[in-house]
2 protein chains.
Amino acid sequence: MSKQRVLLLGATGETGSSILTGLLAFDKFEVEILIRPSSTDKPEVEQLSAKGIRVRIADISGPVDDLVSVLLGVDIFISAISGTSQLAQMDIATAVKKAGIKRFVPCCFATICPPGNVMLLRDEKEEVNQHIKKLFLPYTIIDVGYWYQLSCPRLPSGRIDYATFPGMNASLHGDGEALNILTDLRDVGHFVARIVYDERTLNKSVFCWGDILSENQVYNILEEVSGEKLERHYISAADVEARVVHATELLREDPSNARTRVGVYSAQYDYSKYIRADNRPEYAKYLGYLDARELYPNFVPKGFREFAVDLLDKKVVRPYSSARYN
Amino acid sequence: MSKQRVLLLGATGETGSSILTGLLAFDKFEVEILIRPSSTDKPEVEQLSAKGIRVRIADISGPVDDLVSVLLGVDIFISAISGTSQLAQMDIATAVKKAGIKRFVPCCFATICPPGNVMLLRDEKEEVNQHIKKLFLPYTIIDVGYWYQLSCPRLPSGRIDYATFPGMNASLHGDGEALNILTDLRDVGHFVARIVYDERTLNKSVFCWGDILSENQVYNILEEVSGEKLERHYISAADVEARVVHATELLREDPSNARTRVGVYSAQYDYSKYIRADNRPEYAKYLGYLDARELYPNFVPKGFREFAVDLLDKKVVRPYSSARYN
């Protein structure tokens, strides 16, 4: 049997880069990438093309039938579109159905969170997921929890400033005890490759994880590995909720502002992860997810402690270092 | 171990009556019913009470904490609330969660249909289902397809007029070939009893069925059993869609009119069942449902042919014979 052909959208993004690396390392697919006409000249795309990866070009916002013609011959379509473009996947899913593709992986790749006014970003993903199901389109939903790369506070010495954002995770939420599904961004693609190769995951939701940790545990591990002491400031549940309300008001005043939108995403992530405590294995299983660690016991992802060592050894890259949101 | 206590809401309705009968026949539960204060004097309620069934009384639209106190000691709550009161289940689910009930069965009991603007009734059920999942409330969703009792056209002789509605199923839809999940209303409760007794169905969706038939097959069986010839009028897919548009417009003009609302439900049922062909096992399984026939191979429900014989033998009751919608 010839290799299945996977087409990846968003290959130069954070999640997409990890997926591309994971698919190539897995070595069981013919991997191609889908690029917008405006991105053909980007150096990242030229680099991938030079590596021998076939590039297909399509205007994903154009007529559906034009997109269908670009998708012919593809077996699996993986969408790692940007967080603020989720609804562009409505037409993409329609085209994927028309092209007879055997599996569509929409851009979930996030924390466990129920739909229905907890997180705006999750509800946009739900709109896409509902559309997929209305189409009777074979799919796999993959969520990865939160990245290690976005879960660390700064160290007093400044040693990890190269890979973190100023002020990020400077406070803990509630009592800091809510457990969360966390994954090394570098492992996302290794999981995705295994999941989309697997017939058991067809028309299912799957979550993957490297570690299940509370914020207190993340702080503890960073202290142990670095030998430094971290101050702990706790934000009350009421304040976390108030931040959601405030961010939502700002967005209402300026709905097309992408930064303001990301502000809502961020506040709602904190609320869902730390106050509702949604992003944990028990809740994922309740919501119908399969556990990738049970499906692939032989694949051992990086633990958070290992990541922390890499972080101190300057082996980690700051996410969004190409300043995607500017 | 003592028997689990099941509390049933809507016990005097069509689906609720079948569920009550099924629960009692199964003989593994302590069965109680929940009644609104305004219904305590109804003869049907008095009959059930006289049979020894414990009656709990609560205003389901009142304060949630009052409802919680009425629910204490219940293990399983089954809601067979009327089709037009779906959203009253929002507060009920909150109360059920607060009361620590181990399983909530919301009022689904309908055809397979995806959420997202296919059927208004389905979208109201989805709002309840999402609320349940946000609450992390243990649940089982049960769908039963369409009832045999509402799937028959009139026979020219008038022999089954006693149990059917004038004009109902007088036409077939599209080419009449779309397969549909059908169940004898009398078997709904027998399925429900087995499903809620079963740990495998916790936090799952389950569909049950007696037969999988197209409209043409329903007509064929009725002809064979009765010896009468049925005329076949086919409504085109375009006309079925146009009826949905028309019914929706009428409801927009008069949103609080219950009859108009039922008109929308009816037109959308036809569209979903016969044009989208949603109500079939393959699609149910794709949407994540378990098949009750696979779970309970020893329970043999009535087939449609058997129902048709009963119908000709005057053994069937017309649904809604207490004229619930008047």
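**Note on the predicted two-chain model**

1. B:S214 counts as buried because its relative accessibility is 2%; buried means under 20% relative accessible area, exposed over 50%, and partly exposed in between (1.4 Å probe, protein chains only). This residue sits in the loop of chain B between β11 (211-213) and α7 (215-226). Leaving aside residues up to four places away in sequence, B:S214 touches B:G176, B:E177, B:A178 and B:L179, where contact means heavy atoms within 4.5 Å.

2. The model is predicted: local features need pLDDT of at least 70 and side-chain atom pairs count only at pLDDT 80 or more, while totals for chains, interfaces and linings use all residues. Residues are numbered from 1 along each chain as its sequence is written, chains are lettered from A and ligands numbered from 1 in the order in which they are written, and side-chain values use heavy atoms, without hydrogens and water.

3. Helix α4 of chain B spans residues 89-98, and its buried residues include B:Q89, B:I92, B:A93, B:A95 and B:V96. Because they cover an arc of only 165 degrees around the axis, they lie on the same side of α4(B); the arc is taken from the directions from the helix axis to the C-beta atoms. Helices (H or I, at least four residues) and strands (E, at least two) are DSSP runs, numbered from the N terminus.

4. Among the elements covering these buried residues are β1 (4-9), α3 (64-71), β4 (76-79), β5 (103-105) and α5 (120-134) of chain B. B:G100, with a positive phi near 70 degrees, follows α4(B).

5. Chain B superposes on chain A by a rotation of 180 degrees with 0.0 Å of shift along its axis (RMSD 0.0 Å). That is the relation of a two-fold axis. Superposition is by least squares on the C-alpha atoms of residues with pLDDT of at least 70 in both copies.
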